[in-house]
Amino acid sequence: MAAIEVRDLAIAYGEVRAVDGVTFDIAEGEFFGILGPNGAGKTTTLELIEGLRRPDRGEIRLLGENPWPRNPRLLPRIGVQLQASAYFERLTAREQIRTFAALYDVPVRRADDWLERVGLSDKADARTEDLSGGQAQRLAIACALVHEPELVFLDEPTAALDPQARRNLWDLLSGLNESGRTVVLTTHYMDEAEVLCDRVAIMDHGRILELDSPAALVRGLDAPVHISVRGRLDVAEAETMPGVDAVSQDDGDTTLTTRAPAVVLTELAARDSLDGVRVHGATLEDVFLQLTGREYRA
Amino acid sequence: MTAFRALSAAMAKGFVRDRASVFFSVVFPLMFLFLFGGVFADQGQSRGDLVQIGAVPLVDDLPAGARDAFDQSFDVSRTTDRAHALEEVRKGDADAAIEMSGSTLVAHYTQTDQVKAAITQGTLQAFVDAANAAAAGAPPAFRFRAVRVEDESLKTIQFVTPGLLGWAVAMSAAFGAAATLQGWRQSKLLRRLQLSPVPTRSIVGARIGVTIGIAMVQMAIFVGLGAAVLGLRLDGTWWMAVPLLVCGTLSFMSIGLLAGAVSKTTEGAVNMANFVVLPMAFLSGSFFPLDGAPGWLQAVSRALPLRHLNDGMLDVMVRGQGWTAALAPMGILLGFTLVLTAVAARLFRWENA
C-alpha cells in the first residue's frame, strides 16, 4: 500500500507556479528524497502534503486520509521536522523534548530514551539556544520522532551543517525507515540523497524532472567513467587501448575516459599500470546538471 | 490536559528565564512604586528659607507658641546687609527676604518658583492677620480647620499602587502576547504546533492562563511589598481588584496580539507594544492623576483600557466603593478585548510573507 499518493498537485503564489502538476506515490517503509535547488518547490510540496496549505488543484492521500483541512486523526501518525529553530524559547534539551512528548501524550521516559538515541544525554540540561547546529538538528529529529510516527517529514535536516556534522546526522537518518516507517526528506545535497534515499524525485521550477532510485538515475545518464592512474602513460599509445574514448594528463596523473571501464581496467592491469588507480563514475550531480542544463545552486 | 499543562509550563519557564521580561514587568514598576510611594510621599512641604533684614518686631516679638509655629514654617537667618539679602533671593538661595517698612511687613520674593512664593506669601499674610487680631484684643469670630475626606491615615501609596500595578500588568501582558505570537511565527514553532494533534484552544488557553498567572504574581508582589514596607492598607472590597485585573490582562493581551499580527519581526512587535503601552500609561493616570488634564485629553484616555482598569481599581482599593463599582470597568475591558481580538484574528497570518 502507498503511504502517500499525490495526483496532479499544483499551487501558485500570484504569478509564480510554486508547484505545477506534481504526481508520485511513496510506498510504505520507503526512504524518499525530494531533491532540487532552493526555490524549486520542494518545501511547498512538503507543506501541501502535510496539510499546511490548501492546493489549488490536485489530490493528496496520506495514509489513506485527506490532510486538508487540518485532520486530527492523521496528525498523531505523522512526525515533522521543520527547521532547527522551531523550539520553545529558553528550555533545555530535555524540557524541549518532554514538552513535545506531552503534546502527543507520550510518557516522559520515552522522551528521555529518544534523547539518548540521538546522543544528546550529556547535553540534556543545556538550553537549546546553546546547542551546536548539528546537536540542534538531532534534537529536532528526536522531537519529530518521539511519538513513533508511521510517516516522518524532514525538511532539509542537514542545511547549514559542516561536513562532519552532516555525516554524523546521516548515520542517525539512515536507520529511520528500518521498522517500516516511511521517511520523506528534502535536500539540496546530491550526495545526501544518493546515500540515504531509496528513490529520489528531482524537482525544479515546481515540476518533477525525474523520479527513480539514485543508481538508476545515474545509469540512465549513460555518462562516461573516468579512470585515473599515477604515472605518465604514453598518450598516443593509451588512445589506442580498447574502450578508451579520450586521454588527458596533468602533473603526474593520466586520466582515461571510457564507457567500458571493465575492459580498460583489465588492459591497464595487463600493462601493470594500476598504481594509485581511481575510478570516478557519474553522480546525481551529473544527472541534475544534465536535466536542468545549469550549475546547481545551493 | 497533558498538552495544556506542558505548554503552560513551557511558557512559564520561558518567561521566568527571560531576565529582561522579569525586569520590565516586576522590578522596573516596583522601582516606581518605591519612588512614588516611599521617597516622594514623605516629602512634605519643606520649610521656607527666610532672610530677615534688620529688626522685624512682628516676628521678633511673637508670643512663644506663635514663634514655634513660625519656626516650623520658616528657617530664618538674620542679616543687616539688605543688598546681600536681596541677591540671595534673586539667586534662589532664599525663598524670601523680609523687612519692616514702618508698620508694613515687606517680603521680597522671586517669581522663579511660583508655588513656593505663593505659599510663603500666604503664610506670612496669615501671621500678619493673626498679629492684627491679637493687637485688636478681640476673640476671633471665625476659625479654620482643614479635614481630608479620605481616611486620615491615607497615604500617597494608596493612590499610586493601583495605577502602577495596572501599568506593570499592561506591559507584561501586551509584550508577552506580542513576542510569543511573533517569535513563534518566526521560529516556525507555530507551524510545528499546528502539525501536532494539540487543539488551538489549548495553545491559546495556556498563553492566557500563564499571562493571568503572571499578573496575579505581579499583584501579590505589589500589594505584599506595599503593605509590608510602604504602609499600604487594604480594606473594603479590594479583592475585586482580582477579577478587574483578569479582565485588564485580557484587554492588554489583545493589544499585544494585534501588534504581533501586524508586525513582521519580534523586535517590531515589542516596539509597537511599547509604543502603545507607555503613552497609554501616562494618559490613564498610572504615573500622576489626570484631574488637571484638559477635557479632550480626558476623552482620549477614556478610549484606553488601562484608564478603566485604573479607575476601577482606585474605586475598590482606595475610594472604598462597593464591589459593584468594578462591574462597569470590567464590562468595558472585556468589550475592548473582543473588538481588538477580532481585528487581530482578521489580520493574523500563519507566517511572515
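The axes of helix α1 (residues 2–16) of chain B and helix α9 (residues 200–229) of chain B come within 9 Å and cross at roughly 45°. Axes here are lines fitted to C-alpha atoms, for helices over the stretch in contact, and angles run from 0 to 180 degrees between N-to-C directions. Helices (H or I, at least four residues) and strands (E, at least two) are DSSP runs, numbered from the N terminus. The model is predicted: local features need pLDDT of at least 70 and side-chain atom pairs count only at pLDDT 80 or more, while totals for chains, interfaces and linings use all residues. Residues are numbered from 1 along each chain as its sequence is written, and chains are lettered from A and ligands numbered from 1 in the order in which they are written.

The two helices α1(B) and α9(B) are therefore oblique to each other; angles under 35 degrees count as roughly parallel, over 145 as roughly antiparallel, 65 to 115 as roughly perpendicular and the rest as oblique. The crossing of α1(B) past α9(B) is right-handed, a crossing being left-handed if the near helix is turned anticlockwise from the far one by less than a right angle, and right-handed if clockwise. On the α1(B) side, the contact is made by A3(B), F4(B), L7(B), S8(B), M11(B), A12(B) and F15(B). The α9(B) side contributes S202(B), I203(B), G205(B), A206(B), R207(B), G209(B), V210(B) and I214(B). Two residues are in contact if their C-beta atoms, placed from the backbone, lie within 7 Å. By class, this contact of α1(B) with α9(B) has 10 nonpolar, four polar and one charged residues. In this classification, Ala, Val, Leu, Ile, Met, Phe, Trp, Tyr, Cys and Pro count as nonpolar, Asp, Glu, Lys and Arg as charged, and the others, Gly among them, as polar.

A helix pair was also examined in chain A. Helix α4 (residues 133–145) of chain A packs against helix α5 (residues 163–174) of chain A at an angle of about 20°, with the axes 10 Å apart. That angle makes α4(A) roughly parallel to α5(A). The passage of α4(A) across α5(A) is a right-handed crossing. Residues G133(A), G134(A), Q137(A), R138(A) and I141(A) of α4(A) meet A165(A), N168(A), L169(A) and L172(A) of α5(A) in this contact. Its residues comprise four nonpolar, four polar and one charged.

The largest nonpolar core has 144 residues, and those with the most contacts inside it are I97(A), A170(B), A174(B) and A273(B). A nonpolar core is a set of buried Ala, Val, Leu, Ile, Met, Phe, Trp, Tyr and Cys residues joined through C-beta atoms within 7 Å. Helix α7 (residues 156–186) of chain B supplies the largest share of this core, 18 residues. Leaving aside neighbours within four places in sequence, I97(A) is in contact with A111(A), W114(A), L115(A), L139(A), A142(A), C143(A) and V146(A). A second, separate core of 11 residues includes V51(B), F74(B), A94(B) and I98(B).

The contact between the chains takes 19 residues from chain B and 22 residues from chain A. On the side of chain B that touches chain A, α1 and α8 (189–194) of chain B each supply at least two residues, and α1(B) gives the most, with six residues. By class, that side of chain B has seven nonpolar, six polar and six charged residues.

Residue A102(A), found in helix α2 (residues 93–103) of chain A, touches T2(B), A3(B) and A6(B), not counting residues up to four places away in sequence. With 24 C-beta neighbours inside 10 Å, A102(A) counts as buried; a residue is buried if 20 or more other C-beta atoms lie within 10 Å of its own, exposed if 12 or fewer, and partly exposed in between, with C-beta atoms placed from the backbone. The C-alpha atoms of A102(A) and V146(A), 44 residues apart along the chain, are separated by 9.8 Å.

Several backbone features occur in chain A. A cis peptide bond, with omega about -5°, joins W68(A) and P69(A), and P69(A) is found in the loop between β4 (57–62) and β5 (78–81) of chain A. Although not a glycine, D8(A) has a positive phi of about 50°; D8(A) is found in strand β1 (residues 2–13) of chain A and is exposed, with 12 other C-beta atoms within 10 Å.
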